[in-house]
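Hi,

Here is the structure I said I would pass on.

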Amino acid sequence: MENPSRPGAWSGWLNGLLGVVIFSGSLPATRLAVVDFSPFFLTFARASIAGALALLLVALRRERRPDRRQMLSLAVVCAGVVVGFPLLTAMALQHVTSAHSIVFIGLLPLATALFGVLRGGERPRPAFWIFSGTGSLLVAGFALTGEASVSVQGDLLMLAAVTLCGLGYAEGARLSRELGGWQVIGWALILALPLMLAATWLTQPVTFHAVTPAAWFSLGYVSLFSILIGFVFWYRGLAAGGIAAVGQLQLLQPFLGLALAATLLNEHVSPQMLAVTLGVILCVAGSKKFAR
């Protein structure tokens, strides 16, 4: 069993935490952006911007190209975190508030852990699943309550987004042990770049005159931080500390995201949202202890 006091383990948790902090602003920023941009244009434009930067970075560093087997894994990462999660969350945020959608992020640790077992060969201890499952049940219970059932369509889109994101996280973490953390998201963005550029052109608005500065800023945030810089820390953390273990830090993301939604967007954060969020945070401590 890995000693959690080892530098590699603590480095994994620190990098993972930095990634979560960056990701916490993604849904509030997306909520602002879809006011002026369509979900499709927003998804394709953010991937195009990040992909162009990744291409420049790879060229400057003269990184080794992935082999054919690795390219297949990168395609899975593309489907999960480059296109699937951004597009489905952007669509969901047309029906629900970012505060509402953020609570569903509490299901990400379980999805990541499940795919970590299937794709990464990890075997967490039984107690880990108890804590992880408890946190996920709290989120599921929230989604089934009368207050939370604002939009069935929005909830289903968020569940699909979380599933694809968990797959992309686990596959990317497994591959980062071979390519490196930022190289995984970089090559995934490059792989998708030709299609994303074409899709951006086809889905662009008729005019950009009515686009507000807030929407432009949000597009910049999700392009630079949410889909590129955040993954540099996140995949490095998952690879160093373990997919299932470090993946539990995602349970902190709803708490950080709710704070941003209330502060920046003036969205209503109910006592129920806070109670569920605090409950899943408590699950982080337990799952961390029994992750290995």
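**What I found**

Let's start at Trp 234: leaving aside neighbours within four places in sequence, Trp 234 is in contact with Asn 15, Gly 16, Gly 19, Val 20, Phe 23, Tyr 169, Val 246, Gly 247 and Gln 250. Contact here means heavy atoms within 4.5 Å.

Before going further, some housekeeping. This is a predicted model, with local features needing pLDDT of at least 70 and side-chain atom pairs counting only at pLDDT 80 or more, while totals for chains, interfaces and linings use all residues. Residues are numbered from 1 along each chain as its sequence is written, and side-chain values use heavy atoms, with hydrogens and water left out.

On the overall fold, there are 13 helices and 0 strands (DSSP runs numbered from the N terminus: H or I of at least four residues for helices, E of at least two for strands). Of the 292 residues, 55% are buried, where buried means under 20% relative accessible area, exposed over 50% and partly exposed in between, with a 1.4 Å probe and protein chains only. Looking at contacts with a separation of 6 or more, 90% are between residues 24 or more positions apart.

Back to Trp 234, which belongs to the largest nonpolar core: of its 76 residues, Val 81, Val 82, Tyr 169, Trp 234 and Tyr 235 touch the most other members. Helix α10 (residues 213–241) gives the most to this core, with 11 residues. A nonpolar core is a set of buried Ala, Val, Leu, Ile, Met, Phe, Trp, Tyr and Cys residues joined through side-chain atoms within 4.5 Å.

Next, Ile 49, found in helix α3 (residues 39–61). Ile 49 counts as partly exposed because its relative accessibility is 35%. Not counting residues up to four places away in sequence, Ile 49 touches Leu 219 and Ser 223.

Lastly, the second largest pocket. Its lining has 10 residues, and Gly 25, Pro 28, Ala 29, Phe 217 and Leu 264 lie nearest the centre. Elements giving two or more residues to that lining are α2 (26–33), α10 and α12 (253–264). (A pocket is an open set of points on a 1 Å grid over the protein atoms alone, where a 1.4 Å probe fits, with protein on both sides within 12 Å along at least five of seven lines; lining residues have an atom within 4 Å of a point.)

Cheers
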